[in-house]
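Student: Could we go through this model together? I would like to begin with the core and then turn to strands and charged pairs.

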Amino acid sequence: MVVLECDVLIVGAGAGGAAAAWRLARHGFSVVCLERGDWVDTASSPSSDDDWEVTRQRSWNPNPNRRRSVHDDPVDDIDSEIKPLYFNGVGGSTILWSCHFPRFHPSDFRTQSLDGVGDDWPLSYDELAPYYDLNETMMGVAGLPGNPAYPESDAPRLPPVGLSPGARRMAKAFNQSGVSWWPGDIAINTGPAANGMGQCNNCGPCELHCPRRAKAATDLNYWPAAIKAGARLVTGALVTDILTSPKGTVRGAVWLDDSGCSHKAEAPIVIVAANGIGTPRLLLNAPGAARVNRSGLVGRRLMLHPFARVTGLFEQLMGGHRGIAAGTLVSHHFYETDPARGFKRGVKLQALGTHGPALTALGSLGRRARWGRQHHDDFATMFGHGYSLSVCAEDMPDPNNSVTLSDRMSCSDGLPAARIVYRIPDEAKKALDFGRDRAREILQAAGARDFIEMETIPEAGFHLMGTARMGDDPETSVLDRWCQAHDLPGLFVTDGSAFVTGAAVNPTNTLQALALRAADRIAAIRRLFPS
């Protein structure tokens, strides 16, 4: 048995774990991170292969139930309307993400006070703003400063991603429709190659671990700096239990290596950053973490961001399959609550373009090209002539949407697999309906002659949030305002599990800002109480 000793032990090397590791190592603490997966060789990316679309549906699929790599375990998702998407490995899901990198709005932290829905966060946008700035400096963000949807910020921006001819047509249609838009904040390098990052060439398959290293991912943007500062990263390490002291504080974890041998890691601070499904699964399976769930909310209030999409088909070539995957323009015009709409909160509209030829033919836009004599005509109508607008709705937390333990599946550690139950809330359905109507109007203004609509997108569960929520009251929350467990001192959570509400934008920037803030809190505590 190997016994590791450190000041801070981190479980998970993804977005939140990497940010916390770097910050704590810079503070001078000894940091060890245990990661279930391994480093991913960028040369293995199939993005330049002719059959990349086939590979993406198999060994590079974002759904672990489809990918089935050596470091993946099954997820019991039969009762979920949205399927979970994530990656185990150094960098976590930033290996496969499309790197859209917005902040939450100030109102997202006060939905109960402003709109009478959800709960207020125990912190404000202003408290998190310095950590947004720091995180955006570390990750690198292409965009245009001055977005009126947000308070003023001095955070640096690389040049915005250029608009393709199709995106320019969409921008004009937004203007014509009186709907505001802004270039998207994208965690991608549009400037010269520097600091290990290449320059984006708009090749397209960003979700396949950019071989140019132009896409920000924490195996590039945080881990090299963390390791240089002294952090240690152990791969192939599957954590199965949390260790506690007789005083009721955390003191480490138990983990299995790839051969199944058991080891210990001892530390007075443990940070769990295993994503919004992996974290509650660990906390529910681990006997040492039982006291964390006094509120009964571990695994409850799962939020996944329901998405819809409307694709317009045009006579003209739109080139929607070209350029970065994240989309280059976004509208927050309908983001805040308007009582006239008949639902609370709002939606984000984003120009996403379309997909490659194989995925298009197989129906990824919502309409499959018919086999037989009509196949080529159908394909020619869609491929190159389509442009999509996605709709992201905020789904307020529902305790019935949950991560529990499966009674029919187990994982490689012999413990029950995660079981997720998720139904799209009625308010979110209303928001998606509203957003699809607006998207169709804008596409029509752009000249679309036909539409393909997807009311919801089942394979869209990248945003895993809410399953160990923050709050000031231990009876109604799992974590305090610093992401520390109310009932197990020394245990922190720095992934999307901590979220109180989900907003209507991508969560990665916010969860990393929370991780940096938690790291500073840990540093302050350890200096005051070193023993």
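Predicted model: local features only at pLDDT ≥ 70, side-chain atom pairs only at ≥ 80, totals over all residues.

Student: How many residues does the largest nonpolar core have?

Tutor: The largest nonpolar core has 104 residues. Among those with the most contacts inside it are Leu-9, Trp-121, Trp-223 and Met-470. Helix α13 (residues 508-528) provides the largest share of this core, nine residues.

Student: What lies apart from it?

Tutor: Another core, of 41 residues, lies apart from it, and includes Tyr-86, Ala-393, Ala-418 and Ala-448.

Student: Back to Trp-121: which residues is it in contact with, leaving aside neighbours within four places in sequence?

Tutor: With those neighbours left aside, Trp-121 is in contact with Phe-104, Asp-108, Phe-109, Met-470, Phe-499, Val-500, Thr-501 and Leu-514.

Student: Let us change topic. How many residues of strand β8 are buried?

Tutor: Six of the seven residues of β8 (residues 250-256) are buried, and the strand is thus mostly covered.

Student: In which sense does β8 pair with β7?

Tutor: Strands β7 (residues 238-244) and β8 pair in the antiparallel sense, over six bridges. Within this pairing, Val-239 stands opposite Trp-255 of β8. The hairpin of β7 and β8 has five residues between the strands, and Gly-248 takes a positive phi near 85° there.

Student: And how many bridges join β8 to β9?

Tutor: Five bridges join β8 to β9 (residues 262-266), and these strands run antiparallel. Leu-256 has Ser-262 in β9 as its bridge partner. In the hairpin of β8 and β9, with five residues between the strands, Gly-260 takes a positive phi near 90°.

Student: Now the charges. How many salt bridges does the structure hold?

Tutor: The structure holds 32 salt bridges. In one of them, Arg-301 pairs with Asp-119, the closest N and O atoms being 3.1 Å apart. Arg-301 lies in the loop between α9 and β11 and Asp-119 in the loop between α4 and α5, so the pair ties together parts that are 182 residues apart in sequence.

Student: Is Arg-301 buried or exposed?

Tutor: Arg-301 counts as buried, at 10% relative accessibility. Asp-119, with a relative accessible area of 25%, is partly exposed.

Student: What about Arg-440 and Asp-437?

Tutor: Arg-440 forms a salt bridge with Asp-437, with the closest N and O atoms 2.7 Å apart. The two are three residues apart in helix α12 (residues 426-445), so about one helical turn separates them.

Student: Which residues are linked in a network of salt bridges?

Tutor: Arg-103, Asp-133, Glu-136, Arg-157 and Asp-185 are linked in such a network. Arg-157 and Asp-185 meet at 3.2 Å, N to O.

Key: Residues numbered from 1 in each chain as written. Heavy atoms only, no water. Core = buried A, V, L, I, M, F, W, Y, C linked by side-chain atoms within 4.5 Å. Buried < 20%, exposed > 50% of the residue type's maximum accessible area, 1.4 Å probe, protein only. Helix = DSSP H or I, 4+ residues; strand = E, 2+ residues; numbered from the N terminus. Contact = heavy atoms within 4.5 Å. Pairing = 2+ DSSP bridges. Salt bridge = Lys/Arg side-chain N within 4 Å of Asp/Glu carboxyl O.
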